[in-house]
Amino acid sequence: MAAVLYKCIECSQEANELHRDYSNGVLKITICKSCQKPVDKYIEYDPVIILIDAILCKAQAYRHIIFNTTLNIHGKLFVFCLLCEAYLRWSQLQGSKQSSDPADIIRYTKEWDFYRMFGLAALELMMFLVGVFTFLWLIKGYLKTIFEPAMMLKALLLSSYGKLLVIPAVIWEHDYSPLCLHLIKVFVLTSNSQAVRVILNCSRRLSFLVIFIGLLMETSASYFFQKMEWST
């Protein structure tokens, strides 16, 4: 039997091909045997349309990006998102500090603060992932599909792209910046939930529960790290 390479974006049924190449350059999109719809209509769409549908958290767009493309930027996106998160925390930290030194003698301290914020952001994200994967490992016997940690990690990192929005929210600071940052956090968690739902082919309730467990672990770690800072 041919290896399964793709998935239908409508019903998540496995498929061997997205299209068939006939003579004279004629291409025909493969029809899913389960739902009788095109396996992946997005192969004919402009990337901008796919991005818009992903921003709208459409499951079809998520399945296309995760299963039917060779997009492999989740590692770089992971680092860049951490840099954005570190910059947000660093800017908030510097905003709360007042320095009257004209020589800016504490420049080294400010640089160290950024590295420290980067480390804290990385640790909190790690705790979020630990919470998600631990919970999924505990309930893997009740899942409809086989739990693939590598695919889940890729989906969670790709769906965290909303963290990039913190940069314009911080640069163009205004009275509504705190509200914008909270909305960005909600958007990222919603995207993560949709990614979990697509990977596991599960209900929204379960995907929200998975992300809630991860958020709980992340919040607990954040509180613990802040308490350590206050005690030092």
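Which residues do ring pairs link into a cluster? The cluster consists of Tyr87, Trp90, Phe114 and Tyr115. The model is predicted, so local features need pLDDT of at least 70 and side-chain atom pairs count only at pLDDT 80 or more, while totals for chains, interfaces and linings use all residues. Residues are numbered from 1 along each chain as its sequence is written, and side-chain values use heavy atoms, with hydrogens and water left out.

The overall layout comes before the details. The protein chain has 8 helices and 4 strands, and from the N terminus on its elements run β-β-β-β-α-α-α-α-α-α-α-α. Helices (H or I, at least four residues) and strands (E, at least two) are DSSP runs, numbered from the N terminus. Of the 232 residues in the protein chain, 38% are buried. Buried means under 20% relative accessible area, exposed means over 50%, and partly exposed lies in between (1.4 Å probe, protein chains only).

The aromatic residues can now be taken in turn. Across the whole structure, a search finds 6 aromatic pairs. One of them joins Tyr87 and Trp90 in a tilted arrangement, with 6.2 Å centre to centre and 35 degrees between the planes. Rings of Phe, Tyr and Trp (its six-membered ring) pair if their centres lie within 6.5 Å; planes under 30 degrees apart count as stacked, over 60 as edge-to-face and the rest as tilted. Tyr87 and Trp90 both belong to helix H3 (residues 74–95), where they are 3 residues apart, about one turn of the helix. Tyr87 is partly exposed at a relative accessible area of 29%, and Trp90 is partly exposed at 23%. Trp90 also pairs with Phe114, edge-to-face, at 6.3 Å centre to centre and 85 degrees between the planes. Trp90 lies in helix H3 and Phe114 in helix H4 (residues 107–138), so this pair ties together parts that are 24 residues apart in sequence. Phe114 is partly exposed, with 21% relative accessibility.

Rings elsewhere in the chain lie under charged side chains. The charged end of Lys7 sits over the ring of Phe67, 4.6 Å from the ring centre. Lys41 lies over the face of Tyr42, 5.7 Å from the ring centre. A charge sits over a ring if NZ of Lys or CZ of Arg is within 6 Å of the ring centre and within 35 degrees of the ring normal.

Rolling a probe the size of a water molecule over the atoms shows where empty space is left. On a 1 Å grid over the protein atoms alone, a cavity is a set of points where a 1.4 Å probe fits but cannot get out, and a pocket is an open set with protein on both sides within 12 Å along at least five of seven lines; lining residues have an atom within 4 Å of a point. Grid points are joined across faces, edges and corners, and a volume is the space filled by probe spheres set on the points.

The largest pocket holds about 1,000 Å³ of space. Its lining has 37 residues, of which Glu85, Leu88, Arg89, Gln92 and Leu181 lie nearest the centre. H3, H4, helix H6 (166–171), helix H7 (177–200) and helix H8 (204–231) each supply at least two residues of this lining, and H7 gives the most, with 9 residues. By class, the pocket lining has 18 nonpolar, 10 polar and 9 charged residues. Ala, Val, Leu, Ile, Met, Phe, Trp, Tyr, Cys and Pro count as nonpolar, Asp, Glu, Lys and Arg as charged, and the others, Gly among them, as polar.

The structure holds 1 cavity of 30 Å³ or more. The largest cavity has a volume of about 50 Å³, and is lined by Leu77, Phe78, Cys81, Leu82, Leu125, Leu157, Ser160 and Lys163. H3 provides the largest share of this lining, 4 residues. The cavity lining divides into 6 nonpolar residues, 1 polar and 1 charged.

Ser207 is in helix H8 and counts as buried at 1% relative accessibility. Its side chain makes a polar contact with the side chain of Ser193 (3.0 Å). A polar contact is a pair of N or O atoms within 3.5 Å; within protein, one must be able to donate a hydrogen and the other to accept it, and residues adjacent in sequence count only if both atoms are side-chain atoms. Thr30, in the loop between strand S4 (27–29) and helix H1 (47–55), is buried with a relative accessible area of 16%. A polar atom of the Thr30 side chain lies 3.5 Å from the backbone oxygen of Glu17. Tyr62, in helix H2 (residues 59–67), is buried at 6%.
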